[in-house]
Amino acid sequence: MRSVIDILDLSTEELSELIKTAEDIIANPEKYQEVCRHKKLATLFFEPSTRTRLSFEAAMYELGGNVLSVSSAGSSSAAKGESVADTAKTVSCYADIIAMRHPKEGAAYVAAQNAGVPVINAGDGGHLHPTQTLADLLTIWREKGRFTGLTIGLCGDLKFGRTVHSLIAAMSRYEGNRFVLISPEELKVPSYVKNILKEQNIPYEQTEDLMSVIGDLDILYMTRVQRERFFNEEDYLRLKDSYILTPEKMNEAKADLAVMHPLPRVNEISVAIDKDPRACYFKQVLNGKYMRMALILKLLYEAGTLKELPERSRA
Ligand code: NCD
């Protein structure tokens, strides 16, 4: 059973195919609106979420399917002590595909090992978040027209920010990219992520100073300091406002910089930047829905749940 736990579970060819499907859905939504009729997606969210859960659900509805939803750990049998494995086996009896978010790293993997249907990791603790990366990739594709030769700045909480880990893994597979990792000392990327760059000799630099590098960047991926993953509140309070992007700072950036953020935003990007044409974070939200539609179709087709897919029109 094919599941997606890590963005690296998808080859670069498969990512290109998903982007083509998403582009076709954007151009011809009516062609897709009955494809998942009578099929069910279960969204199991044991951690807070607005975008990811609702975009999975909107994606399934726009494909004509139905949704079963657990929107908090407290409202499910997890609160009674049920294991992730048992929850996955149980939900497989009701749903054709599962999207799961969980505070523990590796939970989606355990679910996938036990489920009888495809599982999509919608965020596992401070680890990975592959479908946010799908949203990010479609945004980069639409903004830049390429995945190669880009200088990509990632700024903020690079330690606990799971979207950062998945995006670095994804973009490190394309030629000629350079990474600029901007964070306070305590919030640097974990070594398993840095090793992806080191092992492949991908150029990267680490700095605490956003302004010394902002002018070099093609993409600036801002992130929130992940309060819920800190051991003590004092450290969070000290670090939370390490970076605040303002219009004055944007004056130093390239005219075609793409400012991205997985959202939710706390303080990292001044709302005054929302009007700047370089702000792409609300485009990411919409792109995420289309890429999740494309992924649901792919996994249901590979599982044999869908017998056929609409033919993509080639523009
Ligand atoms: C992110 C997440 O949950 O990791 N949000 C999202 O899914 N778009 C980022 C975050 O919570 O900071």
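**Ligand site and cysteines**

The ligand sits in the largest pocket. A pocket is an open set of points on a 1 Å grid over the protein atoms alone, with protein on both sides within 12 Å along at least five of seven lines. To sit there, more than half of a molecule's atoms must lie within 2 Å of the grid points. This is a predicted model: local features need pLDDT of at least 70, side-chain atom pairs count only at pLDDT 80 or more, and totals for chains, interfaces and linings use all residues. Residues are numbered from 1 along each chain as its sequence is written, and side-chain values use heavy atoms, without hydrogens and water.

**Ligand shell**
- T52, R101, H129, Q132, R162, T163, R224, Q226, P262, L263 and P264 surround the ligand (a heavy atom within 4 Å).
- This shell comprises 3 nonpolar, 5 polar and 3 charged residues; Pro and Leu count as nonpolar, Arg as charged.

**Polar contacts** (N or O pairs within 3.5 Å)
- A polar side-chain atom of H129 is 2.7 Å from a ligand oxygen.
- The R224 side chain places an N or O atom 2.8 Å from an oxygen of the ligand.
- For R101, the corresponding side-chain distance to a ligand oxygen is 3.0 Å.
- Alone, the ligand exposes 320 Å², and the protein buries 94% of that (Shrake-Rupley method, 1.4 Å probe).

**Cysteines**
- The structure holds 0 disulfides (cysteine sulfur pairs within 2.5 Å).
- C155 is in no disulfide; the nearest cysteine sulfur belongs to C280, 16 Å away.
- C155 counts as buried because its relative accessibility is 0% (the cut-off is under 20%, 1.4 Å probe, protein chains only).
- C36 is also buried, at 0%.

Technical notes. Polar contact = N/O pair within 3.5 Å; in protein donor to acceptor, adjacent residues only side chain to side chain. 1 Å grid on protein atoms, 1.4 Å probe; cavity = no way out; pocket = protein on both sides within 12 Å on 5 of 7 lines; lining within 4 Å. Buried < 20%, exposed > 50% of the residue type's maximum accessible area, 1.4 Å probe, protein only.
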